[in-house]
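I set out to record the side-chain contacts between charged groups and between aromatic rings. My entries follow the display.

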Amino acid sequence: VGLSKKKKYRDGKVEVEVTFDGYMPPDENGDNNTFEFEDKFKVSWKLTERLRLYNLGEISKLQGQEFYKAKIGFEYSL
């Protein structure tokens with residue numbers, strides 16, 4: 001299962017992008033008893049015509065391990 005959404009707010013100054021992927025992989029016996037997922041998000045703010053500040057993150061549970069990662073950075077358009 002997968003879902004992806006992207007929206008702009010405040011006249012395009014703020015962009016939000018969210019994706020979700022879900023899996024039900026089989027175990028050693030061929031049964032699908034566990035649900036695994038990956039959620040990703042990106043929020044960016046337009047500072048100038050060429051410069052954006054962004055927050056990028058990922059939350060996942062794969063092979064029984066939970067994971068979280070986030071970044072903050074700048075994007076520059078040439």
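I looked up K69 and found it partly exposed at 39% relative accessibility; by the rule I used, buried is under 20% relative accessible area, exposed over 50%, and partly exposed in between (1.4 Å probe, protein chains only). K69 meets E58 in a salt bridge at 3.9 Å, N to O, the term requiring a side-chain nitrogen of Lys or Arg within 4 Å of a carboxyl oxygen of Asp or Glu. E58 in strand β4 and K69 in strand β5 are 11 residues apart; strands (E, at least two residues) are DSSP runs numbered from the N terminus. E58 is buried, with 14% relative accessible area.

I note that this model is predicted, that local features need pLDDT of at least 70 and side-chain atom pairs 80 or more, while totals for chains, interfaces and linings use all residues. Residues are numbered from 1 along each chain as its sequence is written, and side-chain values use heavy atoms, without hydrogens and water.

E15 lies in strand β2 and R52 in strand β4, so the pair ties together parts 37 residues apart in sequence. Both E15 and R52 are buried. Shared partners join K8, E15 and R52 into one network.

I then turned to rings, which pair if their centres lie within 6.5 Å, with planes under 30 degrees apart counted as stacked, over 60 as edge-to-face and the rest as tilted. The count is 2 aromatic pairs. Ring pairs link F20, F35 and F37 into a cluster.

Technical notes
Phe/Tyr/Trp six-rings, centres within 6.5 Å; stacked < 30°, edge-to-face > 60°. Helix = DSSP H or I, 4+ residues; strand = E, 2+ residues; numbered from the N terminus.
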